[in-house]
Amino acid sequence: MDGIKSILFYPVLGVLLTGFAMLLINIPMSAINTGLNHFLSGLSGTNAVLLGIILGGMMAIDMGGPVNKAAYVFGTGTLAATVATGGSNIMAAVMAGGMVPPLAVFVATLIFKQKFDQQERQAGLTNIVMGLSFITEGAIPFAAADPARAIPSFMVGSAVAGGLVGLTGIKLLAPHGGIFVIALTSSPLLYLVFIGIGAIISGVIFGLLKKG
């Protein structure tokens with residue numbers, strides 16, 4: 001009987017504690033996300049280049065975390081109102097910025113292969129698919145292992161890509177998909193060029209900063 005109680009008690013206790021912890025985390029994060037959304041809304045329409053730089057950089061700060069998600073949600077929120085005009089420049093900047101970090105990992109492991117072990121170089125190849133699919137989280141292991149060098153490096157390239165997209169006014173009609181929805185951008189080739197520029201910049205900076 002005691003064994004049955006233990007089997008039932010500890011999982012339930014774990015679920016309750018996890019739920020309580022998530023509640024405590026969600027309260028401040030909700031306020032932060034609301035503040036970020038208001039800030040970005042204040043910039044919308046004033047300076048497309050600046051907004052593209054900020055959103056692109058935000059996509060690389062935590063790669064799937066609250067800042068990344070705030071930028072993504074803000075971008076998707078602009079799609080409905082822009083369908084009739086060919087898509088959202090803001091969403092295009094967001095996706096470009098989010099594609100850069102995984103692709104930058106590939107660039108770094110390719111150019112500076114002597115600074116990465118075999119497992120990291122293999123992960124670099126995997127990140128090609130992740131980056132092209134707009135799965136920013138592919139770069140997280142590298143960011144977690146060396147955040148002081150990786151995250152700033154990724155942010156620079158993502159900001160450049162987002163800024164270039166903002167500068168040229170490229171629009172996107174899809175909320176996700178990466179290269180698989182490239183036909184839904186207003187300038188597919190130029191869009192890929194800008195993402196490539198951002199990835200090369202981030203990859204080179206990361207490779208140069210990384211200790212061998």
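1. Start with Phe142, which sits in helix H6. Keep in mind that this is a predicted model. Is Phe142 buried or exposed? Its relative accessibility is 7%, so it counts as buried. The cut-off for buried is under 20%.

2. Look next at what surrounds Phe142. Leaving out residues up to four places away in sequence, Phe142 touches Val105, Thr109, Phe116, Glu120, Ala123, Gly124, Asn127, Ala150 and Phe206. Phe142 and Pro102 are 40 residues apart in sequence. In space, their C-alpha atoms are 9.4 Å apart.

3. Now move to the loop that comes between helix H5 (118-132) and helix H6 (140-145). Phe134 is found there. Phe134 counts as buried because its relative accessibility is 4%.

4. Most residues other than glycine have a negative phi. Phe134 is not a glycine, yet its phi is positive, near 65°.

5. Which other residue here has a positive phi although it is not a glycine? Met63 does, with a phi of about 45°. Met63 lies in the loop between helix H2 (48-61) and H3. Its relative accessible area is 2%, so Met63 is buried.

6. Helix H3 covers residues 66-76, and Asn68 has its place in it. Asn68 has a relative accessibility of 4% and therefore counts as buried. What does Asn68 touch, once residues up to four places away in sequence are set aside? The contacts are Met58, Met59, Asp62, Met63 and Thr136.

7. Which residues make the nonpolar patch of about 330 Å²? They are Leu189, Leu190, Val193 and Ile197. Ile197 is found in helix H8, residues 188-209. Ile197 has a relative accessibility of 34%, so it counts as partly exposed. That class lies between the buried limit of under 20% and the exposed limit of over 50%.

Note on methods. Residues numbered from 1 in each chain as written. Predicted model: local features only at pLDDT ≥ 70, side-chain atom pairs only at ≥ 80, totals over all residues. Heavy atoms only, no water. Helix = DSSP H or I, 4+ residues; strand = E, 2+ residues; numbered from the N terminus. Buried < 20%, exposed > 50% of the residue type's maximum accessible area, 1.4 Å probe, protein only. Contact = heavy atoms within 4.5 Å. Patch = residues over 30% accessible without salt bridge, like charges linked within 9 Å, V, L, I, M, F, W, Y side chains within 5 Å. Areas by Shrake-Rupley, 256 points an atom, 1.4 Å probe, with all protein chains shown as cover. Salt bridge = Lys/Arg side-chain N within 4 Å of Asp/Glu carboxyl O.
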